[in-house]
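Me: I would like to learn how to read a structure like this one, feature by feature. Could you take me through it with the general idea first and the particular case after it?

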Amino acid sequence: MKIILQQAEYEKMIKQARAEFPHECCGLLAGQKAEDHIEIQMIFPMVNVDGSSEHFTMDPKEQFAVVKKVRNAGLQLIGNYHSHPYTPSRPSGEDIRLAHDPDFLYGILSLEHSETPVLHFFYIHSPTKVTKLEIEIKR
Amino acid sequence: MKVQINGQEKELAGPLTVEELLKVENVKMPEMVSVEINGEILDREQFSEVIVKEDDEIEFLYFMGGGACGLY
């Protein structure tokens, strides 16, 4: 399964992560699913109500509002993302514990090396089954 | 009884509570789900009390959170 992300949305995500540094940023991913790939067409930056460098929590009220925007745009809600300000782009124990939906895509943007952000997407099925997906940034 | 669940029209049998609806819809880990009915977010304690009505617009969402805590 390959993930295709629009360049403009990728840059928007990096800009958000840098703006909210040293806190974790978070958001939702919207797009279309095909048999062999998922195209992320829009990202929706969300408020991290924890305001923390080590945790994020989305506000359900904001989530419900964005879900309706996604639906009205004719897109599907396909996942979420958050940043790791100081650590690598891989799921922490907490990320795995709180990944409730095995069909959801989980994006993690690392700012560990601030000049060269690293983004990976994962499917998280269980603590022992985490799959890193191929990613293509589409210009 | 006709309702909308996550934007899709559904036919439900009989009156049922939100808690029962989550079971009928096979929602895993319902304790981690937020529910909105007609634009109002329910407290979790209300799940066993609120009865779903004809034409209700219902949304389910999983709690979303995580973070780098403990990662090196």
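Me: Which residues have the most contacts inside the largest nonpolar core, and how many residues does that core have?

Reply: Please keep in mind throughout that this is a predicted model. A nonpolar core is read as a set of buried nonpolar residues joined through C-beta atoms within 7 Å. Here the largest such core has 35 residues, and those with the most contacts inside it are A:L28, A:L29, A:A30, A:I40, A:I78 and A:Y106. Strand β3 (residues 37–46) of chain A gives the largest share of this core, five residues.

Me: What does A:I40 touch, if residues up to four places away in sequence are not counted?

Reply: With those residues left out, A:I40 touches A:I3, A:I4, A:L5, A:Q6, A:E9, A:L29, A:G31 and A:I78.

Me: How many helices and strands does chain A have, and in what order do they run?

Reply: Chain A comes to three helices and eight strands, and from the N terminus on its elements run β-α-β-β-β-α-β-α-β-β-β. Its radius of gyration is 14 Å, close to the 14 Å that the globule rule gives for 139 residues, so chain A is as compact as a globular protein of that length. Buried residues make up 39% of the 139 residues in chain A, and, among its contacts with a separation of 6 or more, 64% are between residues 24 or more positions apart.

Me: How should I read the sheet in chain B, and which are its edge strands?

Reply: Strands of a sheet pair through backbone hydrogen bonds, either parallel or antiparallel. In chain B, an open sheet of five strands has the order β2-β1-β5-β3-β4, with mixed pairing. Its edge strands are β2 (8–11) and β4 (40–41) of chain B, each of which pairs on one side only. Strand β3 (residues 33–37) of chain B pairs with β4(B) in the antiparallel sense over two bridges, and B:E36 has B:I41 as its bridge partner in β4(B). Helix α2(A) packs on this sheet, touching β3, β4 and β5 (57–62) of chain B, and its direction makes about 115° with that of β5(B).

Me: How many residues does each chain give to the contact between chains A and B?

Reply: The contact takes 24 residues from chain A and 19 residues from chain B. On the side of chain A that touches chain B, the largest share, six residues, comes from α2(A), and the residues of that side divide into six nonpolar, 11 polar and seven charged. Strand pairing also links the two chains: β4(A) and strand β6 (residues 65–66) of chain B pair in the antiparallel sense over two bridges, with B:G65 as the bridge partner of A:T57 in β6(B).

Technical notes:
Residues numbered from 1 in each chain as written. Chains lettered and ligands numbered in written order. Predicted model: local features only at pLDDT ≥ 70, side-chain atom pairs only at ≥ 80, totals over all residues. Contact = placed C-beta atoms within 7 Å. Helix = DSSP H or I, 4+ residues; strand = E, 2+ residues; numbered from the N terminus. Nonpolar A, V, L, I, M, F, W, Y, C, P; charged D, E, K, R; others polar. Pairing = 2+ DSSP bridges. Buried ≥ 20, exposed ≤ 12 C-beta atoms within 10 Å, placed from the backbone. Rg over C-alpha atoms; globule rule 2.2 N^0.38 Å. Axes fitted to C-alpha atoms, helices over the stretch in contact; angles between N-to-C directions.
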